[in-house]
Amino acid sequence: MTFGDTLRRYRRRRRLSQLELAIRAGTTQRHLSFVESGRSAPGRDLVVRLGTSLELPAREQNALLLAAGFAPLVPESDPEGPELEAVRDALRRLLQGHRPYPALVIDRYGDVLATNDAIGVLTDGAAPELTEGRWNAYRMALHPKGMVPRVRNPAHWSRHVLGNLRAELDHNPDERLASLITELESYAPPSADVPHLGPAVPLELSSPHGDLRLLAMIATFSTAHDVTVAELRLETFLPTDDDTATRLHHYS
């Protein structure tokens, strides 16, 4: 695929006209048209401006540069490598500081990289194969052998999880994420008639200490200059009431 084809694909995904993108990137529609058709070769600076104007994640900005024949702009480190030791230390402190409430670090696909010791609130009773190795938080959330038997509002919860993933896929198409969503959809109960509750959908979860009501919050590194770090998500769960807060202390 040529650079022009790659750029056109990203532009159409963002539902932008050539004129709209040209204005954002500080160039002309004529020049952008020549670049997309292959009649003009873009400079590195223009490619970077186009990637920024398209609001591409770091990984996709690198892909755009590579398609134009330039080296990637943002490095991609090994998540277990020494260069990210400071990041891992910071995340470990955040995870432990969130106790007795569950928290975990996931990548863009929901694969779990680290947790605190309150994670049993979510994984209690799950099939062992769902927590082996680098397990997947989204699969745990919706798999019938995962959290679902203890979820009191499965239709609302699955709609919330899948809705967020579909929005991510729509904004940044990815074959692996699409495949994961297809798998998760096969687990989800029908939700066509379930009213949409907006972004703040509580997770209502049964436990040996009583029912829990939790809200999930996701934090990211907004200024990360590394693909791996930019794709990390710190997901924390907070009690919505005093009873839930008290019950969570029994897990600590």
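Reader: What percentage of the 252 residues in the protein do buried residues make up?
Author: This is a predicted model, in which local features need pLDDT of at least 70 and side-chain atom pairs count only at pLDDT 80 or more, while totals for chains, interfaces and linings use all residues. Residues are numbered from 1 along each chain as its sequence is written, and side-chain values use heavy atoms, with hydrogens and water left out. With buried taken as under 20% relative accessible area, exposed as over 50% and partly exposed as in between (1.4 Å probe, protein chains only), the buried share of the 252 residues is 45%.

Reader: How many helices and strands does the secondary structure of the protein come to?
Author: The C-alpha atoms fill a box of roughly 65 × 45 × 30 Å, taken along the principal axes. Counting DSSP runs numbered from the N terminus (helices: H or I, at least four residues; strands: E, at least two), the protein comes to 12 helices and five strands.

Reader: Which elements are included in what covers the buried residues of α3?
Author: Helix α3 spans residues 29-37, and its buried residues are Leu32, Phe34, Val35 and Glu36. Just after α3, Gly38 takes a positive phi of about 90°. The cover over those buried residues, judged by contact (heavy atoms within 4.5 Å), includes α1 (3-13), α2 (18-25) and α4 (44-53).

Reader: At roughly what angle do the axes of α4 and helix α5 cross?
Author: On the side of α4, Arg44, Val47, Val48, Leu50, Gly51 and Thr52 meet Gln61, Leu64 and Leu65 of α5. By class, the residues of this contact divide into five nonpolar, three polar and one charged, where Ala, Val, Leu, Ile, Met, Phe, Trp, Tyr, Cys and Pro count as nonpolar, Asp, Glu, Lys and Arg as charged, and the others, Gly among them, as polar. The axes, which are lines fitted to C-alpha atoms over the stretch in contact, with angles running from 0 to 180 degrees between N-to-C directions, come within 10 Å, and those of α4 and α5 (residues 58-67) cross at roughly 150°.

Reader: Why does His143 count as buried, and what is its relative accessible area?
Author: His143 has its place in the loop between α8 (137-142) and α9 (154-171). Leaving aside neighbours within four places in sequence, His143 is in contact with Leu130, Val148, Pro149 and Tyr187, and its side chain reaches the backbone nitrogen of Lys145 at 2.9 Å. His143 counts as buried because its relative accessible area is 14%.

Key: Polar contact = N/O pair within 3.5 Å; in protein donor to acceptor, adjacent residues only side chain to side chain.
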